[in-house]
Structure formats: structure tokens, C-alpha cells
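Subject: Structure handover

Hello,

Please find the structure below, with the sequence alongside. My notes on what was found follow it.

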Amino acid sequence: MSQIFNFSAGPAVLPREVLEQAAAEMTDWHGSGMSVMEMSHRGAEFGQIIGEAEADLRELLAVPEHYRVLFMQGGALAENAIVPLNLLRGGSADYLVTGSWSRQSAREAARYGTINMVVEPGEAAFTRIPPQAEWRLSRDASYLHLCSNETIDGVQFHWLPARGDAPHQLAPAIPLVVDASSDILSRPIDVSAYGCLYGGAQKNIGPAGLTLVIIREDLLGHAHPLCPSAFDYAVVAKNKSMFNTPPTYAIYIAGLVFKWLKRQGGVAGIAARNQAKAALLYDYIDASGFYQNRVAREDRSWMNVPFFLADPALDKEFLAGAQQRGLLQLKGHRSVGGMRASIYNAMPIEGVRTLVDYMKDFERSHG
Ligand SMILES: *Cc1c(COP(=O)(O)O)cnc(C)c1O
């Protein structure tokens with residue numbers, strides 16, 4: 001197979017080195033004679049795997065002592081229910097809708113309690129983060145939920161909500177809960193600014209089937225009585241993510257990805273590369289009259305770059321030509337149309353260069 005670059009939004013590209021190591025260890029992990037898939041999750045071998053994965057993740061994100069790292073299942077969509085079941089405490093919550101995923105989070109949460117929309121989302125496409133001056137926050141919400149990177153719309157937060165007592169400011173004591181599925185580990189963050197961060201692994205961490213939750217300890221222990229035990233954060237934390245069998249192989253791959261990230265200079269190192277990759281693509285799109293990205297510049301995602309051709313009738317041909325050059329999975333989400341290039345941590349800059357070269361050629365022959 002010749003060189004390909006996989007721009008899938010998720011499940012997405014993983015570092016080649018990680019896949020090669022997993023292949024080499026597939027049938028015999030470190031002389032154990034077993035595949036990781038065949039090990040007891042309570043044995044010493046897997047204990048080492050999950051222990052190192054957590055320690056490396058804590059190091060990468062400088063997770064403070066009073067935060068717990070949970071390895072769960074069900075993906076971000078399950079978290080849309082698990083979060084209110086654990087954190088609503090019979091009260092209400094504020095939801096900021098900035099795209100398709102946060103809209104889905106708000107809809108699901110509304111099944112479990114009173115949800116206040118921080119801004120009234122209109123009918124228009126999602127192309128910006130509403131400035132905080134436009135927000136209406138409750139003073140007594142159990143938490144504020146937002147999505148740090150809207151994978152479908154290509155809209156990303158590049159700032160943290162300001163706290164204070166004004167109506168648009170987040171009250172100092174209200175926890176910030178963030179769906180970080182598609183940008184966790186892509187850049188440094190201050191974990192202590194959040195009450196809870198969660199994400200499905202299949203964008204920037206590893207295989208589908210694993211959900212990562214990082215949660216402040218004092219938020220544990222308030223689950224709704226009907227919350228399934230396997231989804232009660234306190235139960236999962238108390239059992240060190242082993243209340244039931246965790247997704248062992250996915251945790252193992254995530255652990256290899258964490259070690260790979262450390263070799264890339266950690267999240268600061270990868271952030272510099274991610275920014276350079278995004279700039280290369282956006283700069284070309286903005287300079288071209290043939291391609292267009294509709295997201296406000298200051299809110300553009302470093303991870304997911306939706307773009308449109310001047311003439312949508314050319315979309316099919318563009319995709320077929322891309323495929324021929326080994327540029328895979330560039331079709332935009334069906335709700336947005338056009339193209340989308342997802343350029344997560346594991347996408348090398350050569351992939352983005354190859355894409356831009358192809359876009360230039362296509363523009364030359366069709367523009
Ligand atoms: C992919 C994605 C989801 C959906 O995740 P599942 O793992 O399929 O449940 C939710 N939120 C964001 C931001 C995503 O990128």
C-alpha cells in the first residue's frame with residue numbers, strides 16, 4: 001500500500017509507531033505469552049498497563065491530585081446522560097450550544113432536569129463562538145456545559161469563560177463541564193479551571209470504545225438514585241475504573257498514544273505542530289477564491305477544518321481525485337456538506353502539505 005493520509009473525523013488516524021508497536025506485541029505482550037486482549041483486567045500485567053496510562057495522562061495534562069481520571073465506556077453521547085445523572089443534583093444546568101455536538105448534549109440533558117440555554121441558537125449554521133458578553137448564565141446552575149471543539153462545524157474555543165458576578169460571567173463556584181472529545185491532548189489546558197472534562201477516545205486518543213473522564217473529586221458522590229452503577233462517577237472512581245470490565249485493549253492503545261505524545265514534546269510540542277498544520281490549510285483556503293471556510297477566524301478549529309468548493313457540483317470529482325492521491329475520508333459531515341479535513345495529533349504536517357498541493361492542482365484545473 002502506498003502512502004496514504006487519513007483525514008477521518010473519527011475514528012481517526014493513529015500514530016504509525018503506535019500501530020506498529022501494537023502489531024509487534026499483538027500475540028505476546030512483554031513476554032507474558034498473552035495478547036492484551038486476553039488478559040484479566042485484574043491481573044498484574046493489565047494493572048501495569050492501566051497504571052502507566054493514567055500516570056502518563058496525568059503528566060501530559062498536569063492533572064492535579066484532587067482530580068480523578070476515569071476510563072469509561074459509552075462515548076461522549078453516553079456522557080451526555082451520565083453528566084446530568086451525576087452532576088445535576090436535582091437542580092438545573094446551563095448549556096452553551098455552539099454546534100451540533102453541544103446541541104445534542106443539551107437535548108439529552110433536558111431529559112434529566114431543567115436546562116437553561118446560555119444563548120438562543122438560531123437557525124443559521126454554526127460559524128462562531130458567541131462572545132461571552134452575549135451569554136445569560138444562571139447564578140444557581142449545578143454546572144455549565146460546553147463543547148471545546150465542535151468536530152462537525154469546525155468551531156473551537158480558544159479561551160476560557162471568564163468568571164465573576166455579572167450575568168454573562170460564570171459564577172466562581174459553578175463547575176465548568178466540557179466535552180473535549182475532539183481536542184483533548186491537542187494543546188495545553190489548565191485542568192484546574194474545569195469541574196469535569198470528558199471525551200470519546202476515537203478522535204485524538206485511541207480506539208472507539210473508551211471514554212476518558214477527568215473530574216474534580218468533590219463533584220463525586222451526588223449521582224441520581226437511578227443512575228446506573230457503572231455510570232456513577234463515584235462508583236467508577238472508587239473501583240479505579242474496574243467496577244466492571246473496562247475496555248482493556250482500547251486503554252492499552254491509549255497508553256501507547258500517551259507515550260508517543262510524550263516523545264513529541266508533550267501537549268506543548270504537539271500544540272505547536274497542530275497550530276502550524278491548521279495555519280497551512282486555513283492560509284491557503286483564505287488566499288484562494290476557489291475554496292472557502294465559513295467559521296470566524298478567531299473561532300476556527302485546529303483539529304477539524306470544514307471547507308467548501310466554489311461549485312458544489314465539483315465535490316464528487318474533488319473527492320475522487322483526492323482518493324487517488326491517497327488523501328482519504330475528506331467528505332464533509334452530511335449536516336454541513338462540502339469537505340472536512342480532520343488534522344488531529346497523529347496527522348503529520350506532510351499530510352496537510354500533500355492536501356494543500358492537491359487542492360492547488362484541483363483549483364488550477366477547475367478554477
Ligand atoms: C465524536 C463526538 C461525539 C460523539 O461521540 P461518541 O463517542 O460517538 O458518543 C460527541 N462530541 C464530540 C465533540 C465529538 O467529537
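I will begin with H30, which is exposed because its relative accessible area is 53%, over the 50% cut-off. H30 sits in the loop between α1 and α2. Its backbone deserves a look: phi of H30 is positive, about 50°, although H30 is not a glycine. Please keep in mind throughout that this is a predicted model.

Other backbone points

Most residues other than glycine have a negative phi, and most peptide bonds are trans. A62 is another residue other than glycine with a positive phi, near 50°. A62 comes after α2, in the loop that leads from α2 to β2. With a relative accessible area of 57%, A62 is exposed. There is also a cis peptide bond, between G10 and P11, with omega at about -10°. P11 belongs to the loop between β1 (5-6) and α1 (16-24).

The protein as a whole

The protein contains nine helices and 14 strands. Its radius of gyration is 21 Å, close to the 21 Å that the globule rule gives for 367 residues, so the protein is as compact as a globular protein of that length. The C-alpha trace spans about 60 × 60 × 30 Å along its principal axes.

Of the 367 residues, 56% are buried. Among contacts with a separation of 6 or more, 70% are between residues 24 or more positions apart. The accessible surface is about 15700 Å², and carbon and sulfur atoms account for 53% of that surface. As for charge, there are 33 positive and 38 negative side chains, and the centres of the two sets are 2 Å apart.

Helix α2

Helix α2 covers residues 44-61, which is 18 residues. From first C-alpha to last, α2 reaches 26 Å, close to the 26 Å expected at 1.5 Å a residue. Which residues of α2 are buried? They are F46, I49, I50, A53, D56, L57, R58, L60 and L61. An α-helix has 3.6 residues a turn, so residues three or four places apart point the same way. The list of buried residues in α2 includes D56 and R58 as well as F46 and I49.

S241 lies in the loop between α5 (233-238) and α6. Is S241 buried or exposed? At 5% relative accessibility, S241 is buried, because the cut-off is under 20%. Beyond residues up to four places away in sequence, S241 touches I50, V69, L70, F71, V236 and P246. One of these, I50, is among the buried residues of α2.

A250 is in helix α6. A250 is also buried, at 6% relative accessibility. Setting aside neighbours within four places in sequence, A250 makes contact with P207, A208 and L210. From A250 to L19 is 12 Å, C-alpha to C-alpha, while the two are 231 residues apart in sequence.

S142 is in the loop between β4 (114-117) and β5 (144-147). At 17% relative accessibility, S142 still counts as buried, because buried means under 20%. Neighbours within four places in sequence aside, S142 is in contact with L87, L88, G91, S92, A93, I174 and P175. S142 and H366 are 224 residues apart along the chain, and their C-alpha atoms are separated by 53 Å.

E298 is in the loop between β11 (291-292) and β12 (304-309). E298 is exposed, with a relative accessible area of 55%. How far apart in space are E298 and R128, C-alpha to C-alpha? The distance is 8.3 Å, for a pair that is 170 residues apart in sequence.

Regards

Definitions and conventions:
Residues are numbered from 1 along each chain as its sequence is written. This is a predicted model: local features need pLDDT of at least 70, side-chain atom pairs count only at pLDDT 80 or more; totals for chains, interfaces and linings use all residues. Side-chain values use heavy atoms; hydrogens and water are left out. Helices (H or I, at least four residues) and strands (E, at least two) are DSSP runs, numbered from the N terminus. The radius of gyration is taken over C-alpha atoms; the globule rule is 2.2 Å times the number of residues to the power 0.38. Buried means under 20% relative accessible area, exposed over 50%, partly exposed in between (1.4 Å probe, protein chains only). Contact means heavy atoms within 4.5 Å. Accessible areas come from the Shrake-Rupley method with a 1.4 Å probe; for residues, only the protein chains shown count as cover. Lys and Arg count as positive and Asp and Glu as negative; His and the chain ends are not counted. The place of a charge is taken as NZ of Lys, CZ of Arg, CG of Asp or CD of Glu. The expected span of a helix is 1.5 Å times one less than its number of residues.
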